[in-house]
Amino acid sequence: VKGNVIQVRDVNKGDYCGYSFAFKVKNDHTQLAVVDIGYGDGILKSRAKHEAIINGKRYPIRALMMSHMFIEVDDEVHAQDEVILYNK
C-alpha cells in the first residue's frame, strides 16, 4: 500500500499535530510530511505505531487521520515522494 507526500512542513517545538493533539513536536527544526492516505482509505489506526518507508528509509508516523497522515522526516524527503506503508 502506497501513498504520496503532498508537502513537507516545518513545525515548531511545542506545536501539536493531528486529531486530539495526537503528536506534540519535541525538537526544533522538525519537519512533517503530509501524506495523502489515511484510515478512511483502509489504513488501520494501529498502523500509526509503526514506520513508513520513503526513499528507502524508515520514518515514524506521528499522526493518522481520516484522509491523511503526518510522518516525521528529514531534508531528504520532498513533495511527490512515494510513501510505502505495507510491503513484503
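Where is the place of His29? His29 sits in the loop between strand E3 (23–24) and strand E4 (30–35); strands are DSSP runs of at least two residues, numbered from the N terminus. The structure is a predicted model, in which local features need pLDDT of at least 70, side-chain atom pairs count only at pLDDT 80 or more, and totals for chains, interfaces and linings use all residues. Residues are numbered from 1 along each chain as its sequence is written, and side-chain values use heavy atoms, with hydrogens and water left out.

Phi of His29 is positive, near 50 degrees, although the residue is not glycine. His29 counts as exposed because its relative accessibility is 58% (exposed, over 50%; buried, under 20%; partly exposed, in between; 1.4 Å probe, protein chains only). Gln80, also not a glycine, has a positive phi of about 80 degrees. Gln80 lies in the loop between strand E7 (69–73) and strand E8 (82–84). Its relative accessibility is 71%, so Gln80 is exposed.

Arg47 belongs to the loop between E4 and strand E5 (51–54). Arg47 is buried but has no salt bridge (a side-chain nitrogen of Lys or Arg within 4 Å of a carboxyl oxygen of Asp or Glu). Glu51, the nearest side chain of opposite charge, is 7.8 Å away. The Arg47 side chain instead reaches two backbone oxygens: that of Glu51 at 2.6 Å and that of Leu85 at 2.5 Å.

Tyr86 is found in the segment after E8. With 32% relative accessibility, Tyr86 counts as partly exposed.

How values were computed
Helices (H or I, at least four residues) and strands (E, at least two) are DSSP runs, numbered from the N terminus. Lys and Arg count as positive and Asp and Glu as negative; His and the chain ends are not counted. A polar contact is a pair of N or O atoms within 3.5 Å; within protein, one must be able to donate a hydrogen and the other to accept it, and residues adjacent in sequence count only if both atoms are side-chain atoms.
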